[in-house]
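Try each task before you read its solution.

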Amino acid sequence: MLTITIGCEKDDICIEGSENTNRITIGFIDYENKNEIGISLNSIKGVGLDSIIEGFSGNNLKLPLMVNSNRTQYIFEHNETLDTVNIHHKTIHKYLNRSCGFISNFIIKSDTEISKNHGWIREVSILNDSIFNEEKTNILIHY
Amino acid sequence: MIQFLMKKKQIYLFIISFVFSFNTVFSQVEDTESDSLRKQNKILNINKLRIGFDLSNPIISSSNDDNLSYEIVGDLQITDNLYLAAEFGSIDRFIEDENINFNSVGDYLKIGFDLNMFNNWVGMDNSIYIGLRYASSKFLNRVDSYTVRSSDTYFSNLVDNGYENITHNNLNGNWVEIVTGVKVETFKNIYFGISLRLNKLLSDTKPSNFDNLFIPGFNKVTDDNTWGSGFNYTLTYSIPFKKRK
């Protein structure tokens, strides 16, 4: 009887389309005229990791934030120069259910900044500080 | 994988229990086939008090390296076929679930009755019974670590420190159980028993930003479903009030 009961348990599979952890959306603007422009990055790398995210070309860059930290650092390579962006965020975990577990929401803090290395990035500004979806641009990189 | 092994172990425990119990039932039936006298029915027949413990919980807790879990069981015969029955248990179990690893610690009390459906020959005292319990548990669930749901695995999504790794204290659960089982007198006044339980959760205090995935005594709580299941495998000693003929 127990065998049957276990066999009949609801599948522990998180239903597709359930809420998920959202990535940060980064936009790029021209430092001089503040117009949105595309960018071409040779590589993107999270600080503390060895693996490199492939290069990027376009307007809106979506990147994961660390769910087990309050800071995520990315090194962006543009025209063979590297710059590091420190994204400080409040990390809030929300429980969904047994099969999906927890997801993470983020609120970007105002001390998000660039570590000046070589300086292709001129400025970082926050547009929408809360990351509850991936529709809005959260931060702008001025260059 | 570990979860699967745990299930497998429970299933084996079951099969072994069943084979053992039924063998004993049948062997005893054969022994007394010649005796055709039946016990006389009386309305009130407070005859014996059985006290014992569950064998499965200590085995499970020691094989999982958990702190000792146990269940004390008892029943009091009040009429020929009706018994008042109760179980008290204390559980401390580490559960590795799909996304979340947590500790469930608590005590429970189950009170109800068993109705024996088995006609014994004189001198025999086995039972096949159905029963009902009202059960209540006071417990805590301590989140140890969890993996955050994310479609991106560039960074590790494991959270094993801070955030929601907290203890949810002062939780309560109340439920009813439909019980079916057998008790076999293996030696004089010593009974082996096995029971299966279908549990229906009536109420539980929900922790904030978490859920009761396990309630001591009730066992696994599934999403969107208030039914659960359980079993025990008991060894009891009967304190007779009257001498048996």
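Two strands count as paired if DSSP finds at least two bridges between them. Keep that cut-off at hand. Note too that this model is predicted.

**Exercise 1.** Find how strand β5 of chain B and strand β7 of chain B pair, and over how many bridges.

Solution. 
- Locate the strands: β5(B) covers residues 127–147 and β7(B) covers residues 167–187.
- Count the bridges: there are 15. The cut-off for pairing is at least two.
- Read the sense: the two strands are antiparallel.
- Check one bridge: Tyr129(B) has Gly181(B) in β7(B) as its partner.

**Exercise 2.** Follow β7(B) to strand β8 of chain B and describe the hairpin.

Solution. 
- Find β8(B) at residues 190–204.
- Count again: 14 bridges join β7(B) to β8(B), and these strands run antiparallel.
- Check one bridge: Glu177(B) is partnered by Asn199(B) in β8(B).
- Look at the turn: two residues lie between the strands of this hairpin. Asn189(B) has a positive phi there, near 70°.

**Exercise 3.** Describe the contact between chain B and chain A.

Solution. 
- Count residues: chain B gives 33 and chain A gives 30.
- Name the elements on the side of chain B: α1, β5, β6 and β11 each give two or more residues.
- Pick the largest share: α1(B) supplies four residues.
- Sort that side by type: 14 residues are nonpolar, 11 polar and eight charged.

**Exercise 4.** List what chain A is built from.

Solution. 
- Count elements: chain A holds one helix and 13 strands.

Notes. Residues are numbered from 1 along each chain as its sequence is written. Chains are lettered from A and ligands numbered from 1 in the order in which they are written. This is a predicted model: local features need pLDDT of at least 70, side-chain atom pairs count only at pLDDT 80 or more; totals for chains, interfaces and linings use all residues. Two residues are in contact if their C-beta atoms, placed from the backbone, lie within 7 Å. Ala, Val, Leu, Ile, Met, Phe, Trp, Tyr, Cys and Pro count as nonpolar, Asp, Glu, Lys and Arg as charged, and the others, Gly among them, as polar.
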